[in-house]
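Please look over the structure below before reading on. The report that follows begins with one residue and then widens to the chain.

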Amino acid sequence: MTTLGVAIVIIKDGSILLTQRDDFHVWCLPGGAVDDGETLSDAALREAKEETGLELALGRLVGMYSQPNWHGGSHHMAIFAATPRGGRLRLASGETIAIGYFAQTDLPQPLVAWHRQPIDDALNGEIGVVRTCQYDWPFAPHLTRQDIYALRDQSGQTRQQFYLAHFRA
């Protein structure tokens, strides 16, 4: 199965906005799946609003990032650079547990491994790059998100430990 998502590098005064995910307590760019009938830019604006409370001005398409060996198929992600233009920072219940702006040289850890390159590309002014990310899906392809959360909860590990044990290159 091929999936399509978006992520947004929100830049304010040279810092990057990151959210800490509830499911694995790791830091990441805001983003998510593109819904049926939705444009990439509309998905980026929607996901940013849902996860951060901010309204954005999309600046440019940084690039397309592909993970060819992801969850029984491939995953493609459009990365946008953006700046805030309204709204108020807030957490998304059930999705994010922390949110903040960070300097490129002082990003919080653990950071979703495949988000570092898009952050660097966005801050370096890249436009329209095409990259392949070599991160393989660490579970059987038929497992659902709920199955993986059950494995996480039964593992005896913290959420971060589980992530680091399974989702690193």
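Leaving aside its neighbours within four places in sequence, which residues is F167 in contact with? They are F24, W70, A113, W114, W137, P138 and F139, where contact means heavy atoms within 4.5 Å. This is a predicted model, in which local features need pLDDT of at least 70 and side-chain atom pairs count only at pLDDT 80 or more, while totals for chains, interfaces and linings use all residues. Residues are numbered from 1 along each chain as its sequence is written, and side-chain values use heavy atoms, with hydrogens and water left out.

F167 also belongs to the largest nonpolar core, of 36 residues, where L18, F24, W114, Y163 and F167 touch the most other members. Such a core is a set of buried Ala, Val, Leu, Ile, Met, Phe, Trp, Tyr and Cys residues joined through side-chain atoms within 4.5 Å, buried being under 20% relative accessible area with a 1.4 Å probe, protein chains only. Another core, of 13 residues, lies apart from it and includes V6, I8, V34 and L56.

For the protein chain as a whole, some values are as follows.

| Property of the protein chain | Value |
|---|---|
| Buried residues | 44% of the 169 residues |
| Contacts joining residues at least 24 apart, among those between residues at least 6 apart in sequence | 71% |
| Box filled by the C-alpha atoms, along the principal axes | roughly 40 × 30 × 30 Å |

Terms used
Buried < 20%, exposed > 50% of the residue type's maximum accessible area, 1.4 Å probe, protein only.
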